[in-house]
Amino acid sequence: MVKKIGSRIYLSVIFLFLYFPILVLIVLSFNDSKSRVAWGGFTGKWYISMFQDTAIMRAFATTIQITLVASVLATIIGTLAAIGIQAMRRRGKAILLGATNIPLLNADIVTGISMMLLFVRFTKLGFMTVLIAHLTFDIPYVILNVLPRLNATSKSAYEAALDLGATPLYAFYKIVWPDIRPGVFSGFLMAVTMSLDDFSITYFTKGAGVNTLSTMLYTELRKGIRPEMYSLSTLLFGIALLLLLLINFRSARKNDINN
Amino acid sequence: MAKELIHMSHISKSYDSTLVLDDLDLCIKENAFVTLLGPSGCGKTTTLRLLGGFETPDSGQVFFDGADITSLPPNERKLNTVFQKYALFPHMSIAENIAFGLKISKKSKSYINSKIKYALKLVNLDGYEKRSVDSLSGGQQQRIAIARAIVNEPKVLLLDEPLGALDLKLRQDMQYELIRLKEELGITFVYVTHDQEEALTMSDSIVVMNQGYIQQIGTPEDIYNEPCNAFVADFIGDSNIIDGVMLKDKLVQILGVKIPCVDTGFGENQPVDVVIRPEDVELSDPADGFMEGDVVSIIFKGVHYEIEVAAGGYDWLVHTTKMYPVGTHVGISVIPFNIQIMNKPESSDEKAVETGEF
Amino acid sequence: MNFKFQFKRQFLSGPYMAWIVGFIILPILMILYYGITDSSGSFTLQNITAITEPIHMKALLLSLKLALLCTAICLLLAYPLAMILNGLHLKRQSFVVFIFMLPMWMNLMLRILAWQLLLSNNGILNTVLESLGLAKVQLLNTSSAVVFGMVYDFLPFMILPIYNSMSRIGSDVIDAAKDLGANTLQVFLKIILPLTVSGVISGIIMVFVPALTSFVISDLLGGGKVLLIGNVIEQEFMQSMDWNMGSGLSIVLMVFVIASMAFMNVHGNEEGGAAVW
């Protein structure tokens with residue numbers, strides 16, 4: 001009993017540690033006073049000024065563009081790559097998987113710098129270089145999510161389909177694709193998460209003029225805190241919560257159907 | 001008579017408001033090979049887990065050697081368990097697995113080493129000390145699980161469907177192996193299975209369970225030859241179970257035909273279940289049986305043919321060594337001694353036996 | 001499958017192979033090239049030996065110290081937490097992942113902002129301390145604040161692999177250990193701990209490497225007063241514009257990252273960080 005209460009308290013403390021800072025941001029976003037500790041009444045004005053702030057809105061739009069384009073392209077390239085890697089012999093597989101792990105394990109700052117060195121030599125930093133950099137760290141997440149699914153897919157079912165006269169493409173679409181779809185989807189989601197949250201790599205590859213939310217906020221935070229950032233936090237947290245609930249609800253329902 | 005070693009008294013247990021065991025009473029004698037037999041969900045594994053100490057009953061008591069062990073944790077019980085999926089420790093070598101219990105009880109190094117040798121020899125895996133768990137086949141892992149349990153010299157070995165994951169041939173070999181082990185060790189085995197053949201082969205006594213109740217307790221011969229209700233008859237081997245009416249002592253009517261039997265004491269005009277084993281049905285010329293019918297199907301089974309005969313609106317299952325082509329018109333007869341009469345249960349989960357002792 | 005078809009399937013990874021060469025291998029070669037040349041392009045090892053300069057050495061040692069501290073705190077917090085979560089026998093494990101991933105979906109900068117608010121001199125923590133009649137503490141712009149921020153940022157990366165490895169231990173294995181006489185402590189020491197080593201190692205790598213190489217958290221929560229090796233490298237590139245020096249120090253950093261991963265992998269079976277997902 002004592003043990004149970006103890007573990008409940010521990011869970012609550014960690015939970016509080018993770019969520020209290022976010023809660024503070026949410027509360028402050030509705031605070032009429034600019035003070036960080038005193039409550040000056042309820043207001044929505046920080047939301048209005050946030051939406052009127054062109055720097056925030058431009059960074060927001062760029063973030064969405066980079067994230068979506070990079071995630072979709074990474075999902076396509078990564079899924080194709082996973083299928084190819086799976087068909088490879090042991091040695092080729094090992095080499096390619098080793099290379100795939102480099103951007104995941106290497107320090108972000110080193111990855112960012114190394115790409116910057118490459119880009120400035122051959123082109124100018126800008127939207128495209130950020131996109132390429134994001135693709136580079138997104139693709140491995142897709143591959144590592146798809147590959148296990150692919151390995152678990154029954155090879156004999158695929159061969160049976162070929163045996164029954166299906167073309168390889170048709171057999172893939174009908175037999176393999178349904179099995180790996182969850183992996184492709186979770187790979188896409190990971191890519192979105194990583195792209196949305198990335199700072200270091202974007203920071204080194206963006207050049208002047210291009211800003212994602214992360215790099216814009218970094219510059220702003222070094223200057224000082226503006227209340228619009230609270231409302232931005234609340235908005236982003238709300239979107240994340242909604243999206244994750246939606247995904248969780250979807251997969252939960254699917255599990256129920258499967259059971 | 002051997003003395004009573006385990007007594008489970010008025011045990012009830014439920015999970016999330018589903019009653020798994022209802023007022024169960026069971027005694028197990030020293031040195032017996034007792035099998036708990038029943039379909040999945042009948043409560044046999046729960047019974048075993050209560051003995052092992054992994055569950056505590058909602059009500060009732062468990063006695064071991066006269067002492068109440070109801071709330072004793074598993075590590076303080078003198079019983080050891082062989083788990084269904086072996087539950088070997090994947091990060092330890094075979095020797096370390098077997099030595100686990102002995103190291104906990106702080107036995108000397110030389111004692112442990114000799115025990116490991118002895119146990120591996122006993123399960124026919126000498127020389128496997130240094131092997132890893134992954135490198136062993138299912139059957140070998142099973143033997144190690146048994147070795148790991150018996151080195152602690154438990155008074156009782158609990159086995160939870162230990163052969164369930166093995167293939168048929170291996171399962172049969174392991175059955176003889178277990179009987180041999182039991183004889184060499186001279187300890188009590190409590191064995192859980194849903195495989196009636198396993199139960200019949202190995203046990204001294206069988207406890208047939210269904211839906212949380214004990215249906216029947218007896219020797220394999222008793223259970224097979226004298227099932228006390230239709231569930232037991234159906235679960236143990238194939239049976240023809242036919243609705244009938246007991247007209248008077250030693251005369252029963254099935255499918256519109258009156259046939260003699262040996263049972264008495266059911267009263268008059270009482271609805272009953274009539275159970276006839278397929279090997280007890282005799283086929284003959286149409287005129288010689290108490291009933292006529294046609295062969296619908298025949299399958300060669302090696303030792304015998306399995307024949308289905310449609311007669312009197314019922315498909316009779318018959319085992320015979322003689323071949324009858326499909327369409328043959330045959331007569332059916334059964335000698336009175338081979339006809340089992342059973343009371344119809346009032347509900348499907350009615351308990352047939354209040355308490356059992358053997 | 002016939003040979004011709006196999007060839008086709010492998011061909012599908014062609015674009016990715018080109019990508020690896022162009023955007024993973026080539027950039028690393030670039031950094032190596034810059035690291036061993038000076039601004040005129042001739043060979044030198046000065047950029048690498050520059051790590052021994054007091055200011056660089058101090059930053060590297062501080063980075064190692066804070067990263068170790070952060071990893072240790074994360075491990076101490078996460079292990080009991082994983083045990084408790086595992087003990088809850090949640091029917092849907094994804095719920096746990098959800099709870100701990102959700103804060104990660106907040107932008108890193110905004111999470112840092114939250115800690116700035118909490119830790120600043122007239123922030124919430126100090127206001128609470130004051131109202132309790134206690135003395136204010138200077139937390140923002142110190143190493144402690146940086147460690148706070150790192151733990152907050154990286155804790156989920158420690159929790160998830162440990163929780164995963166723990167939830168894979170079958171309950172029958174635990175039962176078997178108890179059956180053989182092990183008490184709660186012995187079950188923990190002999191079964192649970194050894195079987196979660198791989199998860200702990202994944203967690204350590206996933207926390208230690210980003211903590212060692214971080215420069216944003218130290219910049220914003222350390223207020224420029226806490227100089228880590230990441231900050232030094234960032235300044236070489238973005239302020240001093242000495243790319244050769246920056247590359248040389250990056251090579252040193254890479255060596256430390258690789259060494260720490262090799263060190264951890266020697267002490268556990270192979271389980272890459274990606275297995276966590």
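These are my notebook entries on a predicted model.

**Entry 1: a helix pair in chain A**

I looked up how helix 4 (residues 90-105) of chain A lies against helix 6 (residues 127-152) of chain A. Their axes come within 9 Å and cross at roughly 120 degrees. That angle makes helix 4 of chain A oblique to helix 6 of chain A, because an angle counts as roughly perpendicular from 65 to 115 degrees and as roughly antiparallel over 145. I noted the crossing of the two helices as left-handed.

Next I listed the residues that meet. Helix 4 of chain A brings Thr100(A), Pro103(A) and Leu104(A), and helix 6 of chain A brings Thr136(A), Phe137(A), Pro140(A) and Ile143(A). By class, the residues of this contact are five nonpolar and two polar, with no charged residue.

**Entry 2: a sheet in chain B**

I then traced a sheet in chain B. The sheet is open, has six strands in the order 6-7-8-3-9-10, and its pairing is mixed. Which strands stand at the edges? They are strand 6 (79-82) and strand 10 (213-218) of chain B; each has a single partner strand, so one side of each is left without a neighbour in the sheet. On average, neighbouring strands of this sheet are turned by 20 degrees against each other, direction ignored.

Within the sheet I checked one pair. Strand 3 (residues 33-37) of chain B runs parallel to its partner, strand 9 (residues 205-210) of chain B, and four bridges join the two. In this pair Leu36(B) is opposite Val207(B), a residue of strand 9 of chain B.

I also looked for a helix on the sheet. Helix 4 (residues 138-150) of chain B packs there and touches strand 6 and strand 7 (156-160) of chain B. The direction of this helix makes about 175 degrees with that of strand 6 of chain B.

**Entry 3: the contact of chain C with chain A**

I turned to the contact between chains. Chain C gives 66 residues to the contact and chain A gives 64 residues. On the side of chain C, helix 2 (residues 14-35) supplies the largest share, twelve residues. I sorted that side of chain C by class: 47 residues are nonpolar, 15 polar and four charged.

**Entry 4: Val266(C)**

Is Val266(C) buried or exposed? Val266(C) counts as exposed, because it has 8 C-beta neighbours inside 10 Å, and the cut-off for exposed is 12 or fewer.

How values were computed. Residues numbered from 1 in each chain as written. Chains lettered and ligands numbered in written order. Predicted model: local features only at pLDDT ≥ 70, side-chain atom pairs only at ≥ 80, totals over all residues. Axes fitted to C-alpha atoms, helices over the stretch in contact; angles between N-to-C directions. Parallel < 35°, antiparallel > 145°, perpendicular 65-115°, else oblique. Left-handed = near helix turned anticlockwise from the far one by under 90°. Contact = placed C-beta atoms within 7 Å. Nonpolar A, V, L, I, M, F, W, Y, C, P; charged D, E, K, R; others polar. Buried ≥ 20, exposed ≤ 12 C-beta atoms within 10 Å, placed from the backbone. Pairing = 2+ DSSP bridges.
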